Amino acid sequence: MSATKLMRAASALNRRTLLKAAAAAGGGLAFPHIWTGRASAADPMEIVHWSWLAASDGEVWAKMIQNFNDAHKDKGVQIRMEVVPEEQYVTKVLAAAATGKAPDFGWGTAGKGAQLARDNVTVPLDDLIKASGLDLADFSESSIAASRYPKYDNKIFMLPMDLMSLQPEINLDHVKEAGLDPANPPTDGDTLLEWAKKMTKVEGDKVVRSGIMMTGSGVQPTVTWGIVSAQLGFQRASDDLKTACVNPDAGKKAMQWVLDLFDTHKVSTRDVTDRYKAFGTGQGSIFWTGPWTLNGYVQQKLPFKTALFPKIGDKHVTYFEGGGLELYTQPDAARHEATIQAVKWLSDNSFLWTTVGRGASPRKSILDNPDYKKTGNSWDVRGAFVDGMSFASVGEIPVVNGPNFTIYSGGNFLAKTLEGVWSGQTSIDDAMSQIQEQWQSDLDEG
Amino acid sequence: MAIAIPDIRIDAGAERREIDGAGYLLVAFFALPFLLFNILPVLFGVYVAFTRWSIVGAPKWEGTKNFIKAFHDQWVRVAFENVLFYGAIIVPCVTVLGLLFALFVNRGYPLSSLARTLFFAPTVVSATVIGLVWVWLLDTQFGLVNHYLGYLGIEPVPWLTSTRWSLVGVSIASIWWDLGLAFVLFLAALQDIPGEIIDAARVDGAGRLQRFRHVILPHLRPVISMVVTLQLIATLRIFSQVYVMTNGGPASSSSSPIYYIYNLAIVQNLFGYASAVALLLFILILAVTVAQRLLLREQT
């Protein structure tokens with residue numbers, strides 16, 4: 001045999017072997033997917049749930065899901081929960097919905113889901129709730145109202161699960177050290193500042209322990225401005241959602257009130273980077289935050305109690321946030337029937353969630369339960385978050401660009417604009433002009 | 001005696017055709033996924049830059065609206081200004097410090113083996129961990145950096161909470177993280193320099209500085225060019241440290257284009273506008289890289 005033929009035979013053999021091997025490898029890789037692609041009739045129905053809860057409340061929510069799965073082990077339905085980072089949540093839901101692979105249900109926030117409702121990513125729940133047998137009369141009217149979007153047929157797009165508000169947590173050691181009475185926390189702006197000054201520690205001209213826990217940028221000063229401005233009479237949008245920045249002078253006054261904490265009263269410092277850690281390690285005395293912090297601070301045995309947010313202006317209001325479950329569009333709409341039943345079960349059994357997890361219950365039957373106040377964290381730390389719901393009305397603006405109006409945000413348009421004020425780069429007048437211009441444009445867009 | 005010579009005329013054309021076929025198949029395993037997951041998404045991103053799109057529904061053609069908006073957007077301007085400052089701080093520091101550390105280790109001083117490990121160690125840690133550690137090191141009240149600066153009589157510096165210092169604080173963490181790679185590249189290049197050349201210079205009476213300037217540095221020129229290029233590109237794309245340490249604040253004083261793009265796309269779902277800003281960043285990186293390569297052209 002000539003060398004040429006030998007070499008040709010060798011290369012042909014190699015190429016043939018190579019192609020055979022590639023085909024075998026490809027087949028081997030694909031085989032499991034072909035085999036497992038079809039579920040057997042005996043497999044339970046799997047309801048896919050996405051959650052962004054990752055703090056101590058996330059642990060309680062995981063227990064809720066586990067309770068559902070334990071109760072439905074023999075009933076052919078299970079929930080598979082996946083945790084998604086909060087700030088990526090909406091984008092991932094949109095991407096999943098665009099490819100027909102959205103989860104069956106997930107967490108939503110009242111007033112923040114207008115875009116999802118507009119784009120038919122979330123499903124209106126009115127008919128599903130009726131068919132499931134869930135009694136809407138058991139829910140507080142305000143919680144159901146907050147779950148509706150007036151611009152989209154006023155339908156319900158979220159089943160409320162918990163109601164949260166911002167209330168001050170107060171370090172009891174600092175209170176005693178300052179000779180103050182923990183049983184009579186501040187109820188107005190003047191007393192609040194008086195307490196803050198007595199509990200603030202200063203070295204030279206530097207605040208080393210804040211009487212009022214604040215940061216120089218981010219969520220804390222933004223939400224403080226939002227609450228104080230609302231108390232002083234500022235409205236981010238008119239009731240008919242047509243006019244932005246009603247009573248702008250009150251908004252400007254509120255910006256000055258926040259600046260005065262740093263520069264005039266010197267009860268806060270811009271040098272805090274992590275407000276949760278700072279309060280937890282005793283670097284701050286009064287910290288207004290939400291019920292999602294309770295488990296963490298109780299577990300670390302921080303000596304604190306919670307009080308009602310003081311009335312600084314003419315109106316007694318505080319920040320409101322409603323959490324709930326929303327259903328996402330599915331290629332097979334029949335899945336919604338099973339999903340709403342699962343959501344109904346979670347709501348009916350949310351005693352655990354609203355005593356140990358977070359927030360006040362939107363369900364009257366749960367609030368009326370005689371064990372409600374005795375279960376979970378002590379009423380000293382939990383009570384204000386429940387009682388304070390009566391004046392928690394500074395919520396979301398339910399428009400597509402609602403996130404621009406959110407006061408509980410560290411990175412949205414509002415927070416970034418206000419950061420210029422806190423750092424002295426932008427004047428109060430300029431900031432209010434920018435806010436007014438952007439928000440009016442957002443309202444005009446619908 | 002005649003020796004039979006085998007007929008080994010090779011049909012080169014036929015063999016070349018056979019080898020090419022198998023070669024394409026082997027390359028396809030890389031090329032196809034690269035095309036699908038790298039090139040096509042980039043081309044799609046360029047298209048999306050001219051549209052308004054929030055994932056659900058088809059992109060809506062907007063022409064150059066996004067680019068006009070970007071040129072008027074103060075946050076875009078701030079982010080691009082910041083990244084040029086980052087480049088001006090980080091690139092020279094990483095290059096110079098990397099070279100100095102490499103010179104130290106190359107001399108074989110005592111503890112140079114330990115130093116080699118210590119200088120390189122940060123490179124293998126993720127940017128997120130680096131950021132989290134430096135958040136605490138640079139804490140205004142309780143950070144170690146301010147604690148030791150206090151011994152020198154320096155007042156605590158608000159590294160991450162002041163618009164004046166936040167960019168510097170993030171740069172410090174970035175320099176510490178990026179130093180290892182530059183160090184390793186310089187060390188390898190130094191060890192490649194023939195010892196005879198340096199000995200010859202010494203014999204000729206050249207001092208240490210003269211040997212460095214006239215013998216070592218010219219040999220390092222290609223590596224310096226590479227380190228500066230790599231570091232420039234990495235700095236123009238800075239994100240993790242900004243996200244973890246300052247979230248771009250306070251008042252966007254430490255924001256970067258990639259951080260702003262992330263905010264636009266992932267947080268605000270403005271994919272069209274985010275793609276437009278990303279395209280502008282790409283043009284900036286390309287321009288800076290070409291300019292830098294022309295300035296530091298390798299001598300062949």
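Here is a short tour of the structure, stop by stop.

Keep in mind that this is a predicted model: local features need pLDDT of at least 70, side-chain atom pairs count only at pLDDT 80 or more, and totals for chains, interfaces and linings use all residues. Residues are numbered from 1 along each chain as its sequence is written, while chains are lettered from A and ligands numbered from 1 in the order in which they are written.

**Stop 1: the domains of chain A**

Colour residues 45-165 + 322-367 of chain A as domain 1, and 167-320 + 396-445 as domain 2; the bounds come from an automatic or database domain assignment. Their C-alpha centres lie 29 Å apart. Where they meet, 16 residues of domain 1 of chain A are in contact with 16 of domain 2 (contact: C-beta atoms, placed from the backbone, within 7 Å). On the domain 1 side, the elements giving two or more residues are α2 (56-71), α4 (114-118) and β6 of chain A. Helices (H or I, at least four residues) and strands (E, at least two) are DSSP runs, numbered from the N terminus. Which element gives the most to this side? Select α4(A): it gives 3 residues.

**Stop 2: T289(A)**

Now pick T289(A), in strand β12 (residues 284-289) of chain A. Buried or exposed? T289(A) counts as buried because it has 23 C-beta neighbours inside 10 Å; the cut-off for buried is 20 or more other C-beta atoms within 10 Å, with exposed at 12 or fewer and partly exposed in between. Leaving out residues up to four places away in sequence, T289(A) touches L166(A) and E169(A). Show V223(A) as well: it is 66 residues away along the chain, yet the two C-alpha atoms are separated by 9.5 Å.

**Stop 3: helix α16 of chain A**

Select residues 379-387 of chain A for α16, and highlight its buried residues: V381(A), R382(A), A384(A), F385(A) and V386(A). What covers them includes β6 (159-165), β7 (167-171), α12 (294-299) and β13 (304-306) of chain A.

**Stop 4: a helix pair in chain B**

Hop over to chain B and select α5 (residues 127-137) and α7 (residues 166-192), which pack at an angle of about 135° with axes 10 Å apart. Axes are lines fitted to C-alpha atoms, for helices over the stretch in contact, and angles run from 0 to 180 degrees between N-to-C directions. To finish, show the side chains at the contact: A127(B), I130(B), G131(B) and W134(B) come from α5(B), and I172(B), A173(B) and W177(B) from α7(B).

How values were computed
Contact = placed C-beta atoms within 7 Å.
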